[in-house]
Amino acid sequence: MAQIRSYAAPSPQAPLEPFMIDRRDPGPHDVVIEIAYCGICHSDLHQVRDEWGRSHYPMVPGHEIVGQVASTGSEVRRWRTGEWVGVGCFVDSCRHCEACRTHEEQFCKEGMTLTYNGFERDQVTPTFGGYSTRIVVDENYVLRIPDGLPHERVAPLLCAGITTYSPLKRYGAGSGRRVAVMGLGGLGHMAVKLAKAMGAEVTVMSHSSGKRAGAMKLGADHFVDSSDADTLKKESSTYDLILDTVSAAHDYNAALDLLARDGTLVLIGVPPPAPLAAGSLIMKRRHLTGSLIGGILETQEMLDFCAEHGVAADVEVIPMEAVNEAYLRMDRGEVHYRFVIDLATLKGGVA
Ligand code: NAP
Ligand code: ZN
Ligand code: ZN
């Protein structure tokens with residue numbers, strides 16, 4: 001066991017604070033990663049505040065991790081010391097169910113092992129995430145960071161990137177497709193960049209009218225103020241694909257009404273439940289679905305796609321001690337568009 005510095009939430013109400021955690025000694029197939037950067041996802045905030053009702057404490061959040069291999073287990077051949085690597089939302093899965101065998105580990109029948117706020121496969125040892133200086137991960141759940149992109153801007157790809165890439169690819173965001181992105185936050189801004197790189201015509205739907213200029217700068221073709229009912233009405237039956245990344249409760253029927261015939265609304269944000277009227281789907285044979293991050297293979301594909309197309313997150317790098325303020329600002333939509341923690345600010349002394 002090695003003692004590692006981290007920041008943890010002691011309870012749903014209290015601010016995050018310095019906390020020492022134990023990381024296991026690396027087994028033959030483990031990779032020890034010195035964490036350089038970790039993005040702050042809205043899922044961190046939901047879970048720290050126990051908004052999904054399955055949080056356990058102390059909680060060390062963080063599942064957008066980029067760092068360098070510090071050492072490897074005796075059997076590891078794929079990873080070398082000093083190499084830049086990433087870790088996303090899960091660090092293990094059963095490896096033998098149908099989902100795991102088809103590279104969709106996020107749907108593992110036995111449940112993926114979440115990077116934090118979960119338990120290792122022994123169902124006893126809690127997992128701790130990337131708001132820490134080091135992490136020990138099985139070699140099969142580590143991603144290769146391609147050359148050419150700034151590492152702090154790559155970190156958010158490990159969740160925000162894959163979570164938007166996967167449905168854009170699955171439901172089609174190529175040339176001639178009209179794609180709308182609802183909510184211009186961490187996920188939303190990645191959806192805009194990725195959909196544009198795939199060739200789609202992209203509209204940002206935001207309840208913050210002040211985000212118009214930023215949306216256009218990101219490459220969006222159009223901006224719609226979703227808080228204005230009249231403006232929204234004009235967009236009725238328009239879009240082939242909508243990615244809904246909104247983190248707060250909102251009207252799904254209004255979102256469905258924006259879809260053209262046979263269009264698809266993909267729910268990505270995880271707000272509290274909201275009512276759904278059958279007519280919203282029936283009238284234009286619309287599709288409603290959801291999407292959950294992506295498997296290891298697809299995450300690697302997304303990272304390589306981003307390197308090829310020069311796509312990376314727009315970030316504000318912060319020191320570890322600024323995390324509580326960052327949570328408040330994220331909640332108020334005051335980040336363009338992702339906070340990323342510089343873990344060098346947590347180092348020194350132990351580990
Ligand atoms: P974020 O950066 O905080 O962005 C959320 C956006 O939602 C905001 O920028 C805002 O966009 C919109 N919004 C916030 N409050 C709103 C309100 N009261 N009414 C209408 N719109 C509001 O969050 P994120 O990190 O992108 O995460 C977004 C959601 O996705 C979270 O619920 C997160 O847990 C979830 N998530 C899901 C997956 C998955 O696999 N499905 C993975 C990661 C995250 P505008 O100001 O532009 O309207
Ligand atoms: Zn996330
Ligand atoms: Zn499995």
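Strand S11 (residues 201-206) and strand S12 pair in the parallel sense over 4 bridges, and within this pairing Val204 has Phe223 of S12 as its bridge partner. Two strands count as paired if DSSP finds at least two bridges between them. Helices (H or I, at least four residues) and strands (E, at least two) are DSSP runs, numbered from the N terminus.

The model is predicted: local features need pLDDT of at least 70, side-chain atom pairs count only at pLDDT 80 or more, and totals for chains, interfaces and linings use all residues. Residues are numbered from 1 along each chain as its sequence is written, chains are lettered from A and ligands numbered from 1 in the order in which they are written, and side-chain values use heavy atoms, with hydrogens and water left out.

**The sheet and helix H4**

The open sheet consists of 6 parallel strands in the order S12-S11-S10-S13-S14-S15. Its edge strands, S12 (222-225) and S15 (287-290), each pair on one side only. Helix H4 (residues 160-171) packs on this sheet and touches S10, S13, S14 and S15; contact means heavy atoms within 4.5 Å. The direction of H4 makes about 160 degrees with that of S13, where axes are lines fitted to C-alpha atoms, for helices over the stretch in contact, and angles run from 0 to 180 degrees between N-to-C directions.

Of the 12 residues of H4, 9 are buried, so the helix is largely enclosed by the rest of the structure. Buried means under 20% relative accessible area, exposed over 50%, and partly exposed in between (1.4 Å probe, protein chains only). Among the buried residues are Ala160, Tyr165 and Leu168. Their cover includes helix H5 (186-198) and helix H10 (296-309). Just after H4, Gly172 takes a positive phi of about 90 degrees.

**The zinc ions**

Donors are N, O and S atoms within 2.8 Å of the metal (3.2 Å for Na, K and Ca); water is not among the atoms, so sites may look incomplete.

| Zinc ion | Donors | Distances |
|---|---|---|
| ligand 2 | Cys41 (SG), His63 (NE2), Cys159 (SG) | 2.0 to 2.3 Å |
| ligand 3 | Cys94 (SG), Cys97 (SG), Cys100 (SG), Cys108 (SG) | 2.3 to 2.4 Å |

Cys41 is buried at 3% relative accessibility, and Cys159 is buried at 4%.

Around ligand 3, the 4 donor atoms subtend angles of 102 to 119 degrees, which makes the arrangement tetrahedral; four donors count as tetrahedral if all angles lie between 85 and 135 degrees. Both Cys94 and Cys97 are buried.

Methods:
Tetrahedral: all angles 85-135°; square planar, octahedral: opposite > 155°, others 65-115°.
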